[in-house]
Amino acid sequence: MLSIKNLQAKIEEKPILNGINLRVNAGEVHAIMGPNGSGKSTLASVLAGREEYEVTGGEVTFNGKNLLEFEPDERAAEGIFLAFQYPVEIPGVSTINFMKTALNKVREYRGEPTLDAVAFLQLMKEKMKLVEIDQSLLSRSLNEGFSGGEKKRNEIFQMAMLEPKLAILDETDSGLDIDALRIVANGVNKLRNKNNATIVVTHYQRLLDYIVPDFVHVLYKGRIVKSGGKELAKELEAKGYDWIKNEIATV
Amino acid sequence: MSTTTTLYLNGKIANLFEQSGITNQQRKEAFAAFQKIGLPANKSEEYRFTPITRVLEKNFDFNSIGNSSSINSIEPFFIPNVDANLIVFINGIFSSTFSKIISKELEIKSLQSAIDSGEAIPYFQKYLLNSADAFTALNSTLWSDGIFIHVPTKTKVEKPVFILHVNEAGQNQSISHTRLLAVLEEESELTLIEKSVSNGTNNIFHTFAEEIVVKENASFDYIKIQNDEGKLHQVANTLIHQSNRSKLNTFTLTLNGSLIRNNFNIAIDGEHCESHFYGLYLLNGNTLADNHTVVDHIKPNSHSNELYKGVMDGNSKGVFNGKIYVRPQAQKTNAFQSNRNILLTDSSSINTKPQLEIWADDVKCSHGCTSGQLDEEAMFYLRSRGIPQQQAKAMLLYAFALETLEPIKNTELKKHLESLISQRLNQLQ
């Protein structure tokens, strides 16, 4: 589904990604871990098409297409979804209105018929249950005055509505208490199937107790320096990132 | 050089005055005031960013009035589903054919007849002074027609009054000067909508002088829609005078026009007044829109809230100047002002200037102005969900603009304004 080869990217002349290689197949969950500043969030942003980052080398193909050629909205329509670490507050735009526009644009792009108000509301109600989010929250301005947990739940709600092929969760656990974490993780798990894939970007192992990865990759200084199964996350939790740093230093 | 050309146009207008054979004393005095002020020169502080004199010289022939009219229907200019008392001016002349008054409780007549009968005398040119602005003085000298609206005591007028200025410029240029005098007696209520439209592609110059007196416990809502797609050059001088416990809501929407200058003044000459003073300008092409506003707190214990927002696209220019005066006796005044702007292109511009002069010491006043680009982070968020750039932009700008519609209570009117705003935003590239 996703193939990243020797990906390099910089922001304002500062190189952040220094040659990432990664393959993600349908049905898989990959966790990307790493210390602060290792490039985890940059990787998520580059895949979603954030314009501040300049790709300086390498390639990314998504279902056989060159992902880097697409605009952010086209990437979404192709099936990429980024759950933001810090979802943006947008006063004056309700989540419902926003989601209706987004969903219909994506459906148009995919050549599917757009949904009328009734069909949209029906779908919305169905997905709301999945992520345990209240309709009153969705009638309000997008993320405005939401708690950390509400914002993250709203991200997963949007993901449920758009049904992406590849979901990238950027530090979705940050700022969540354990109950909120469980709700968010449950939502993600319910959305998993054999046709889609998930990349979980996280600093801590905690989230991976709930969203169990098939593969764990450790990112350090813009490269994947270690890959393994879910036990690698436990090992990292026990030994800390210094273990990786020291291991790199001795090579 | 600018001085000589300014003098040149001042001279033209003087000729026009002499040829008109005006004998009326008030008009003569107004002309004297005009001559004293003169049209704004290049360096004029009040018109620093709005070179109106140069524009008038370049685009108009002041030797001839040249107005002609061939308007058959004004229905396209109506506001859908808003049943209103209709007052129509065509090239500055009241049209009894097109005007229609449906609210029996309302007293409406021509301004000249209200002056002749004496009704208008206590208010006419009392608060809006000729000495304050050259175009007020010019209008007071040359006004061709005007309307007098009187809302009797304790009368709540359900249906709005809709003043429509139709500028017919199909054959020739159009130059006109009109006036409004509205008096809301104690405990009365009125909603006024004012709109300028045009026909044809010749240049239009229109001055409008408005005096509105809002007495004790009266409530006045005023909506101005400036959406003329013709070559309108308009200077509107408005003064609203408020007495004790009166309420005021204003909203000025500017979408089109060649050059629009609004000198909008609110005199809060009473205690426990509430004034909401809102505006929105969404500009494109080469439109220049200049909002000069004044809130004058004369008495204590009143509250004013001013919010003007702007979005400039293409080569458009926005100007905002907001003066707030709090006089020495106006203690316990609350006065807030905010002006926020978004520039969409490198060739558009905004000049914004708040000016607060506070002489009282026990007051709460704040002001702020911002200008910047669209929030990139918000844009990316919307686009990352599949919304294309153009639509994401329109969505964010709509949300930005919508706050300015808060004072509007009439739901049909609000719907109309919302649709005007979204139409404009959907035209963005």
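Helix α5 (residues 134-142) of chain B lies across β6 (174-184), β8 and β10 of chain B, and runs at about 95° to β8(B). Here two residues are in contact if their C-beta atoms, placed from the backbone, lie within 7 Å; helices (H or I, at least four residues) and strands (E, at least two) are DSSP runs, numbered from the N terminus. Axes are lines fitted to C-alpha atoms, for helices over the stretch in contact, and angles run from 0 to 180 degrees between N-to-C directions.

The model is predicted: local features need pLDDT of at least 70 and side-chain atom pairs count only at pLDDT 80 or more, whereas totals for chains, interfaces and linings use all residues. Residues are numbered from 1 along each chain as its sequence is written, while chains are lettered from A and ligands numbered from 1 in the order in which they are written.

In chain B, nine strands form an open sheet with mixed pairing, in the order β3-β4-β6-β8-β10-β12-β14-β16-β18; two strands pair if DSSP finds at least two bridges between them. Its edge strands, β3 (107-110) and β18 (349-358) of chain B, each pair on one side only. From one strand to the next, the twist averages 10°. Helix α3 (residues 52-59) of chain B also packs on this sheet, where it touches β8 (203-214), β10 (231-242) and β12 (259-268) of chain B, and its direction makes about 140° with that of β12(B).

An open sheet of ten strands in chain B, again of mixed pairing, has the order β2-β1-β5-β7-β9-β11-β13-β15-β17-β19. At its edges stand β2 (93-94) and β19 (364-372) of chain B; each has a single partner strand, so one side of each is left without a neighbour in the sheet. Helix α7 of chain B lies across β13 (274-283), β15 (303-312) and β17 (334-343) of chain B, at about 160° to β15(B).

| Strand pair | Bridges | Example of bridge partners |
|---|---|---|
| β7(B) (189-199) and β9(B) (219-226) | eight bridges | B:L192 and B:Y222 |
| β14(B) (288-297) and β16(B) (317-326) | ten bridges | B:V295 and B:I324 |

Helix α7(B) also packs against helix α8 (residues 411-426) of chain B, at an angle of about 145° and with the axes 9 Å apart. In this contact, B:A394, B:L397, B:Y398 and B:A401 of α7(B) meet B:I421, B:S422, B:L425 and B:N426 of α8(B).

The domain assignment of chain B, which is automatic or from a database, gives domain 1 (2-269) and domain 2 (374-429). The C-alpha centres of these two domains of chain B lie 31 Å apart. Their contact takes 14 residues from domain 1 and twelve residues from domain 2 of chain B.

Between the chains, 17 residues of chain B are in contact with 19 residues of chain A. On the side of chain B that touches chain A, α6 (376-383) and α7 (389-402) of chain B each supply at least two residues, and α7(B) gives the most, with six residues.

In chain A, nine of the nine residues of helix α1 (residues 40-48) are buried, so α1(A) is largely enclosed by the rest of the structure. A residue is buried if 20 or more other C-beta atoms, placed from the backbone, lie within 10 Å of its own. Helix α1(A) is followed by A:G49, whose phi is positive, near 95°.

Technical notes: A residue is buried if 20 or more other C-beta atoms lie within 10 Å of its own, exposed if 12 or fewer, and partly exposed in between; C-beta atoms are placed from the backbone.
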